[in-house]
Structure formats: structure tokens, C-alpha cells
Amino acid sequence: MSSKHDDDLSTGPAPLTLAGMLLGARLVSVLLPGVIVFAVAFGAAAAGKGLPLSEAMVMSALVYAGVSQLVAMELWRPEWTWGAIAGLAAVTATVNARAVLQGAALQPWFGRYPKAVNAVQLFFFTDANWLIGTRYRAEGGRDLGVVFGAGLLLWAVWLAATLPGYLLGSLVADPRRYGIDMVMPIFFAAMIVPVWRGRRAAMPWLVAGVVALVTARLVDGYAFIIVGALSGAVTGALLDDDA
Amino acid sequence: MTMPDPGPWGAYIAILAMAVATYLCRISGVVLMGFIPLTPRVRRGLAALPGSIIFATVLPLVDRLGLAAGLALAAAVLSMVLRRSELLALLVGMATVSLARALGL
């Protein structure tokens with residue numbers, strides 16, 4: 001069962017190597033075309049909204065969370081009040097709340113490293129390197145460099161690709177047409193295969209999917225990911241392994 | 001007492017607020033789980049979490065994005081079962097969704 005690897009984690013080394021970082025960079029490289037187009041789309045949206053280039057670049061560098069940056073462009077305004085800023089922060093937290101669960105899922109691994117290491121590497125923590133780290137862990141890997149290296153490369157590319165997007169403006173006004181909006185969903189779906197542990201282990205996942213589906217129909221926004229995933233985790237916790 | 005208006009720095013304060021909110025999301029799962037003892041039950045819940053996040057993300061998206069998206073994800077999973085290559089799965093998925101949308105699905 002999957003708990004075997006977790007037991008391995010409680011002893012032995014907690015490495016963070018350059019070789020691991022290079023491996024992470026290599027593993028995440030398949031996603032670079034999608035990330036580039038996404039960043040270009042953000043840059044274009046920021047230009048369209050009238051943000052100065054400096055603000056678009058600083059946002060990509062500091063926030064580094066694609067969907068929430070695009071949502072922010074919908075809510076952007078020329079004049080800011082404290083209330084509007086608080087509202088934007090709340091929306092951003094909602095959109096990115098899935099990272100809380102993603103971090104929790106990998107905590108048995110991450111928790112073995114010094115707080116300072118996690119404080120830095122988690123700044124670069126996104127869907128993409130969470131997926132890569134999850135797969136790598138499922139296969140018995142334990143080098144944190146894989147997550148960190150993947151995150152660093154993605155961050156650099158995300159930041160760099162924001163610039164041409166801003167300058168070229170609306171060339172990719174409709175990312176939907178090229179299926180770019182599907183890059184992360186496809187990558188998410190493909191990851192089902194390497195993390196598959198048999199039908200019994202997939203029961204909670206099905207609960208998660210169905211609850212998310214219903215929630216998404218009833219509630220606007222991105223709450224469905226949290227509600228669904230938590231339902232799956234609770235189901236998993238209540239299922240008895242040796243029943 | 002009222003705070004002075006954000007004024008000319010409003011945009012940068014807004015960006016900073018977004019950055020702080022995002023960073024808190026990124027660290028809080030790891031920080032919070034540090035305080036929860038890893039009982040077998042918690043361990044099972046955590047073990048179920050990755051697949052649950054994947055399903056909770058993907059199924060509603062299929063529902064929202066339509067048949068073309070569903071076909072693309074199914075094709076990507078099938079490709080992954082057969083070849084175990086993320087790059088190939090991505091290409092197959094993108095090709096499927098482009099084709100399906102071109103056909104008006």
C-alpha cells in the first residue's frame with residue numbers, strides 16, 4: 001500500500017541536491033510551452049487593462065499564480081481603496097486555496113526539512129511542481145530538489161514570458177482556440193495514471209470528484225476543489241485499510 | 001481613525017496583497033499539518049488527498065468546458081496508460097481538444 005513509502009520517510013536522509021533540481025527541471029519541461037502561452041496571455045491581459053509593464057512583471061514575479069493573476073485582471077481598477085485591495089486579496093486566496101491542501105498532502109515529506117528551506121521552496125510551489133512531486137514521491141523518490149528545481153524553472157519562464165505577452169498585446173486574445181486553457185487540466189488528468197493504486201484506493205477520489213461536481217454546479221468560483229478534495233480525504237481517513 | 005487612501009501606491013499594494021495571500025496558501029498546508037499528529041487515520045486521509053485533488057479539479061472542469069474537454073482528458077489518460085509519457089499525453093490531449101472544437105463539439 002501507499003503508506004509504505006511514508007514510513008520510509010520517517011527515517012533516513014532528507015536530501016536536496018543539484019541533481020534532484022535538474023531532474024525536476026527536466027520533468028517540468030513538458031509543461032513549458034503551456035506555461036509560456038499562459039504567461040503571454042496574462043501579459044496581454046495586463047497590457048489590455050492598462051497596467052504599466054513594471055506592475056505586470058512585479059505581479060508575475062511575486063504572485064506567480066496564473067489563474068489568480070488572470071482573475072485579478074478582471075477585477076483590476078485604476079484607483080484603489082483599502083476595501084478593494086482586501087477584496088482582491090480574498091479572491092486571490094480563494095483561487096489559490098487548493099495549494100493549502102496540496103501542501104498538506106506533501107507535508108510528511110516537506111516536514112523533514114528545516115523551516116527556512118520550506119519557507120523558500122514553497123514560494124515556488126504551484127500545481128505543476130505539486131503534480132511532479134506527488135508522482136516522484138509515489139515512485140519512492142525523496143529528493144526535495146525535484147520540487148524546488150521544477151518550481152524555479154517554471155518561475156523563471158513564467159516571468160520571462162510575461163514580457164513578450166505584454167509587448168505583443170492581443171496576439172493570443174483567445175487561448176481557448178488552441179486548447180491552451182486545457183494544458184493544466186490535461187496534465188492533471190494524465191497524473192491519475194502514475195498515482196493509481198487500485199480501485200479501493202480510488203474510492204475516495206470518486207467521492208471527491210462527485211462532491212466537487214455537485215459543488216461546482218451550486219456555487220460559483222473555485223470552492224469546489226476544496227470541498228471535493230476534503231470530502232475525498234475524509235472518506236480516505238474513514239475507510240479502513242485492512243477491512 | 002481612518003487610514004489614508006492607498007493613493008498612487010494602490011496598484012503595488014494590491015499586488016503585494018495578492019502575493020501575501022498566495023504565499024500564505026502555499027505555506028499554510030505544510031505549517032498546519034506540522035501540528036497534527038500523523039495517526040494512521042490522518043495518514044490515510046493524506047494518502048487519499050492527491051488523487052482527491054486531481055479528481056475534484058478535473059471532473060467539474062469537464063462539466064464546465066464540455067464534451068471536447070472530456071474527450072481530450074480521456075484521450076490523455078489513455079495515452080498515459082499505454083505510453084507513460086506526460087509529453088505525449090499532453091500532445092494527444094491538445095490535439096484531441098483542438099480537433100473536437102474544430103468539429104464544433
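Start by selecting helix α14 of chain A together with helix α2 of chain B, residues 40-65: their axes come within 6 Å and cross at roughly 145°. Keep in mind as you look around that this is a predicted model. Now color the contact of α14(A) with α2(B) by residue class: 14 residues are nonpolar, 7 are polar and 2 are charged.

The crossing of α13(A) and α14(A) is right-handed. To see who makes this contact, show side chains on α13(A), including A:Met203, A:Trp205 and A:Val211, and on α14(A), including A:Phe224, A:Ile225 and A:Val227. Glycines take part too, among them A:Gly209 of α13(A) and A:Gly228 of α14(A). How many charged residues does the contact of α13(A) with α14(A) have? None: its residues are 14 nonpolar and 7 polar.

Finally, zoom out to both chains. The contact between chain A and chain B takes 76 residues from chain A and 62 residues from chain B. On the chain A side, select helix α7, residues 98-110, which supplies the largest share, 11 residues. Color the side of chain A that touches chain B by class, and you will find 53 nonpolar, 18 polar and 5 charged residues.

Conventions: Residues numbered from 1 in each chain as written. Chains lettered and ligands numbered in written order. Predicted model: local features only at pLDDT ≥ 70, side-chain atom pairs only at ≥ 80, totals over all residues. Contact = placed C-beta atoms within 7 Å. Helix = DSSP H or I, 4+ residues; strand = E, 2+ residues; numbered from the N terminus. Nonpolar A, V, L, I, M, F, W, Y, C, P; charged D, E, K, R; others polar. Left-handed = near helix turned anticlockwise from the far one by under 90°. Axes fitted to C-alpha atoms, helices over the stretch in contact; angles between N-to-C directions.
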